[in-house]
Protein chains: 2
Amino acid sequence: MSKLVIVGTVAFDAIETPFGKTDKILGGAATFIGLAASQCDADGAIVSVVGGDFPKDYINLFVQRGMDVSGLEIVEDGKTFFWRGKYHNDMNSRDTLATELNVLESFSPVVPEKFRNSDVVMLGNLHPMVQLSVIEQMNNPELIVLDTMNFWMDNTLAELMRVISRVNVITINDEEARQLTREYSLVVAARKIMEMGPKYVVIKKGEHGALLFHKNEIFYAPALPLEEVFDPTGAGDTFAGGFTGYLAKTGDYSYDNMKNAVIYGAALASFCVEKFGTERLLNLTAKEVRQRLKQFQDLTQFDIELT
Amino acid sequence: MSKLVIVGTVAFDAIETPFGKTDKILGGAATFIGLAASQCDADGAIVSVVGGDFPKDYINLFVQRGMDVSGLEIVEDGKTFFWRGKYHNDMNSRDTLATELNVLESFSPVVPEKFRNSDVVMLGNLHPMVQLSVIEQMNNPELIVLDTMNFWMDNTLAELMRVISRVNVITINDEEARQLTREYSLVVAARKIMEMGPKYVVIKKGEHGALLFHKNEIFYAPALPLEEVFDPTGAGDTFAGGFTGYLAKTGDYSYDNMKNAVIYGAALASFCVEKFGTERLLNLTAKEVRQRLKQFQDLTQFDIELT
């Protein structure tokens, strides 16, 4: 088993969907990534920052799941990053109602010494310079995975391009892939992104699943068709956490094993959306995950004869 | 091998896409269904109507491919059904610029005697009463597959519901499934449609593939990610033709074989959109189809260990 470094936000979210609303609950990219990665018992460390207002009980959730939190800085006189958002009726789009960076504004990540030789690095959505700083603290990792979003394309494109040139895998949603490359076809967009550096491109299409590109090959992981999507918050990060957790756990970074990793990520993401925030991930058994993976097999595997 | 009856339009289309435009070319639901079904050498008959203006060369295209055309009525003093449409830049939506029903207005389908005992019936998009008339001419077929569209939901819902109650499989696109059931979730919509009669529901999602529902099971056939969609006209009918052709050819109407059939349909549809109208289907080799099916395997098959 390889080690895994996760950098990203640990935050408070306040969420409103057609089904209800929450007060400040546990959220943040590194939170979802870490909880997902811990499902496959990955040996992971969370590198992030919170304020003195962040409950110790939340930190214990990571510790209980075997995640190293020595790189989770606590700024006692600071406030934790806060995001408030509201989903539209179709659940495919949302409005950000508030973003308070707080302690994130001056975050300088420190990767714990014993995790600097990790094989896998998961760069959750954050300022590209913070992501770059993590890369530079690592000793020659096997696999660096980047997640980012349109905000950084709009505001810090040059820095983002530097990060993109340094990573092996990028996970990005379809609209962002189109924005980054100015190409409508996702096949063409993925090829252009591979020319920027990453050998692997994962394009996330929400309820329409995710595509894994490598050279001229494409693999498709569907999203599980659900009766109801309760809260999409964190689904993309959960996917990334399942993906990198699976790769770190198996220590196999081949294209064939990445297919399994995107299926694993898609399976965990399908749980995430069933409840508000992290609630479902925090109450998830290994048996349920196994059953869900079986559902993905049933959903996709066929046996046509190529005569 | 079982026999297959196909009813639907045989028509002239005039198409405009961002890549160019055509004059009147060969089109129509039964045309695409028939050409697709003939790829797997299905023993099929086309039941439709054309005017005296319809070129004999077009009819020969069916005959050369082994399709029976004795149920293709020619109204010598009538004009063939004509449709003119223009696609928007994203290729996912289109405007109908002209629809001239012509000979279709008084079409009364006659299933050739020797095809009345066919196992499989494919009801292409047409007035529900015409579809019903075909059902009533058949001797106890194994499988009746219905394709329809929102136009009939808007204008002839009662008649459409009668047809739906009589078929085994319905193919319908996602927005139409939502319209028919007033349910946003496709899982819930499919369940409601199954309560209307069909044991199997295929929901087509265009570039996002197709879902096959049966009881509590779901199978997902992706669309092949393409560099470019040249002309989507006929893709849904090509899918239906590949689906029913494959089932008739294999004579196996089990859920497991339907998985293969939706993959086969999706593979043929992925060719259809590469050129205007029927052009690509008319120049398609068995080897190309085999290679495309292999691409679908590579796209979807994985080998995760369920520990």
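In chain B of this predicted model, helix 6 (residues 174-181) lies across strand 11 (169-173) and strand 12 (200-204), and the helix runs at about 110 degrees to strand 11 of chain B. Those two strands belong to an open sheet of nine strands in chain B. An open sheet of nine strands is also found in chain A.

**Sheet of chain B**

- The strand order is 6-5-1-9-10-11-12-13-14 in chain B, and the pairing is mixed.
- Strand 6 (72-75) and strand 14 (217-221) of chain B each have a single partner strand, so one side of each is left without a neighbour in the sheet.
- From one strand to the next, the twist averages 15 degrees.
- Five bridges link strand 13 (residues 210-214) of chain B with strand 14 of chain B in the antiparallel sense.
- Opposite B:Ala210 stands B:Ala221, a residue of strand 14 of chain B.

**Helix 7 of chain B**

- Helix 7 (residues 186-195) of chain B has B:Leu186, B:Ala189, B:Ala190 and B:Ile193 as its buried residues.
- These residues lie on the same side of helix 7 of chain B, because they cover an arc of only 100 degrees around the axis.
- An α-helix has 3.6 residues a turn, so residues three or four places apart point the same way.
- The packing partners of the buried residues of helix 7 of chain B are strand 11, helix 6, strand 12 and strand 13 of chain B.
- Just after helix 7 of chain B comes B:Gly197, with a positive phi of about 145 degrees.

**Sheet of chain A**

- In chain A the nine strands are ordered 6-5-1-9-10-11-12-13-14, with mixed pairing.
- The edges are formed by strand 6 (72-75) and strand 14 (217-221) of chain A; each has a single partner strand, so one side of each lacks a neighbour in the sheet.
- Direction ignored, neighbouring strands of this sheet are turned by 15 degrees against each other on average.
- Strand 9 (residues 120-123) and strand 10 (residues 143-147) of chain A run parallel and are joined by four bridges.
- A:Val120 has A:Leu143 of strand 10 of chain A opposite.
- Helix 7 (residues 186-195) of chain A lies across strand 11 (169-173), strand 12 (200-204) and strand 13 (210-214) of chain A, at about 140 degrees to strand 12 of chain A.

**Nonpolar core**

- The largest nonpolar core holds 190 residues, of which A:Val5, A:Ile6, A:Val262, B:Val5, B:Ile6 and B:Val262 touch the most other members.
- Neighbours within four places in sequence aside, the contacts of A:Ile6 include A:Ala30, A:Ile33, A:Ile46, A:Val47 and A:Met122.

Definitions and conventions:
Residues are numbered from 1 along each chain as its sequence is written. Chains are lettered from A and ligands numbered from 1 in the order in which they are written. This is a predicted model: local features need pLDDT of at least 70, side-chain atom pairs count only at pLDDT 80 or more; totals for chains, interfaces and linings use all residues. Two strands pair if DSSP finds at least two bridges between them. Axes are lines fitted to C-alpha atoms, for helices over the stretch in contact, and angles run from 0 to 180 degrees between N-to-C directions. Two residues are in contact if their C-beta atoms, placed from the backbone, lie within 7 Å. A nonpolar core is a set of buried Ala, Val, Leu, Ile, Met, Phe, Trp, Tyr and Cys residues joined through C-beta atoms within 7 Å. A residue is buried if 20 or more other C-beta atoms lie within 10 Å of its own, exposed if 12 or fewer, and partly exposed in between; C-beta atoms are placed from the backbone. The arc is that of the directions from the helix axis to the C-beta atoms.
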